[in-house]
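Please consider the structure shown below.

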Amino acid sequence: VRTKVLGLIDVLMRVPPLFVIDEILKIQMGLSSPPTQSTIVENVENFTVENRTRDSLGDLDEDIEFYKVISITTIKFFMCLLGCLMASCVFMLWTRHLVIVYKYILSVGLIFLSYWSNVAALNLLREGPSLLEDILSLNVSRLLDPGGMAIAILPHWLAQWMMGAIFAYIHSGPRYELIQKVLPFSFLMPLFLTMLPSIPPALLKHSPAFAAILPLVLSKIALWSSSFDVVKTLFNGYQHAKNFAASFGLSALVENEWQRLNVPCVLRAFWMIRLFEELVTLAMTSDAPLAFMATVQNLLVSGCETVTAVLGMTSIVSLICHYVGKLFQLFLLSEDYDEDKSIGTVSAILFYILALQTGLTSLSPDKRFIRLCRNLCLLVTALLHFLHNIVAPLLMSLSAARNPSRKRHVRALVVCLFLLVAPVFLLSILWSRHSPSTWLLAVTAFSVEVIVKVLVSLATYTLFLLDARRQTFWEKLDDYVYYIRAFGNSVEFCFGIFLFFNGAWILLFESGGAIRALMMCIHAYFNIWCEARAGWAVFMKRRTAVHKISSLPEATTEQLLAFEDVCAICYQEMTSAKITRCKHYFHGVCLRKWLYVQDRCPLCHEIIMNQDPKQGEKCTEENPPEERPPNADPSAPSSSTDRSNGTGEASIERTLSSSPVE
């Protein structure tokens, strides 16, 4: 429990720097203030228009005014930039250093709070009767009067005493015993002076400032004495990061710091606090009761107003998608909880890049809400792809292992049914409410692709189940599986080309951008060029293997009876077989799979086919026989063309290259 509490405190201490960065981004780094346009642009336009009509006497004044605006804007920008850098440095501090920073900030805040409280108390005591006279005359009725001066000033006394005691406990200045005892009375000094008679009004007026001198001196001493430690801490942090990156790599450094800072939890806490703040503001500023849907819309719009807010929303989306994937894994009785391939991680990357690519933070509130909903629709289709990547390997393992557990089979089939129904339901709603557009075409392509992939997985699963019920070896099984998967991969490849042209149309005629162009290039390389090259390589390997197998003699019935053994590759009975030049018998399908890897016999390692010696030597060097056990199943088409067992990176690239902005 103690560890969890300390972890929660550490998370909450890292939230305020994010609010500082968020507020700076709200004013657009000082370059403009919404809802007006940029100050620089306005003044440049005014300067250009007025330049045509102004006389020579006003030239100097207008030039001075123009450069004054430029100078002020530049100063504001660099101050905002400095504020962002300082907030980022505070955010990345170690916990012990973070505690020191907050103790100093809290001590300075107590000084100003004490000053304002003393000023308010002095104004109250000046207007009322003398409190000292009531105490000396034992005027109990007036002292205990609920509306009297004593009851009104009592909270100020208690507050000043508490602030003095807290300051004495947390300040980082010199801790001499006398100073520690005097500090609480220093905070209470203006209230004591007000009770005394014949005190000059000028002295009373400035007494709150005099009371703050001692705490301010202590705070200044603490700041100057720790300035060297601040520089030393920053330098040590830089050296630590440099050495860590040199030893383990930059990616390991980023991952280590990500876990140390607990960034996802900090972003979630920041976004939830920001959302609660916005909800309280809406409740206080609204005269009528809040409508549920309008309130949700306002909260979502304000929740993606800045880049930091989008990061916070991304962490919430990541958490939701993570638990959705975990829920499906629990339903499927699967124990594969690989955090590196977690649906939450991939969904977070997809959602954030979609937000940046579509310019979510720069849109007006109405357009931002529409764009956010469309991004979420694209995310839902990607989530369906990720769920298929969970259930497809499970289907293959259940059918290949001939698992008799009906419960696991039924659960996997129920998930497949959901993956078939959900895209149809989503498309029926979207097409009934929206006119055709590039965004809707992209969502449709992703949804249809999910349906095709699920049908391919179910067809392959059915073939393996039928093979499990057969008493003899099914030689055509490999061909059927290859054709089904090739069909699915061909459809997926066609959708990849369609989404590329869809994204190109958006880039050229609707909305451009460097991020969109970059994602289109990534999509074109990985999802089109690499897939086409891999598919063609598999096709050529299969074609070559089929040609080699067809040139081998077929074993007759008498030869098989005389052989009276099983296939040395699959250990199944042989009703038909191919005879190699070294007089070994294998199933034609098994031998074809073996030829995908190398051209030597699985048993004696002799060259199966006559070929060019150089080519045979090259093949031997690249694929030594000892690396492949005789009973291995090196099925190239099954592994090279089945893209359904990935982690969803291809779906990310296709989604990002096809998401439009309107």
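Helix α2 (residues 15–26) packs against helix α13 (residues 263–285) at an angle of about 60°, and their axes are 10 Å apart. The arrangement of α2 and α13 is therefore oblique, a class left over once angles under 35 degrees are called roughly parallel, over 145 roughly antiparallel and 65 to 115 roughly perpendicular. Axes are lines fitted to C-alpha atoms, for helices over the stretch in contact, with angles running from 0 to 180 degrees between N-to-C directions. Helices are DSSP runs of H or I with at least four residues, numbered from the N terminus.

The model is predicted: local features need pLDDT of at least 70 and side-chain atom pairs pLDDT 80 or more, while totals for chains, interfaces and linings use all residues. Residues are numbered from 1 along each chain as its sequence is written, and side-chain values use heavy atoms, leaving out hydrogens and water.

In the contact (heavy atoms within 4.5 Å), α2 contributes V15, L18, F19, D22 and K26, which meet V266, L267, A269, F270, I273, R274 and E277 of α13. By class, this contact of α2 with α13 has eight nonpolar, no polar and four charged residues. Here Ala, Val, Leu, Ile, Met, Phe, Trp, Tyr, Cys and Pro count as nonpolar, Asp, Glu, Lys and Arg as charged, and the others, Gly among them, as polar.

Helices α15 and α18 pack at an angle of about 140°, with axes 9 Å apart, which makes α15 oblique to α18. F328, L330 and F331 in α15 meet R411, V414, V415 and F418 in α18.

N262 lies in the loop between α12 (250–261) and α13, and N262 counts as partly exposed because its relative accessibility is 28%; buried means under 20% relative accessible area, exposed over 50% and partly exposed in between, with a 1.4 Å probe and protein chains only.

Conventions:
Helices (H or I, at least four residues) and strands (E, at least two) are DSSP runs, numbered from the N terminus.
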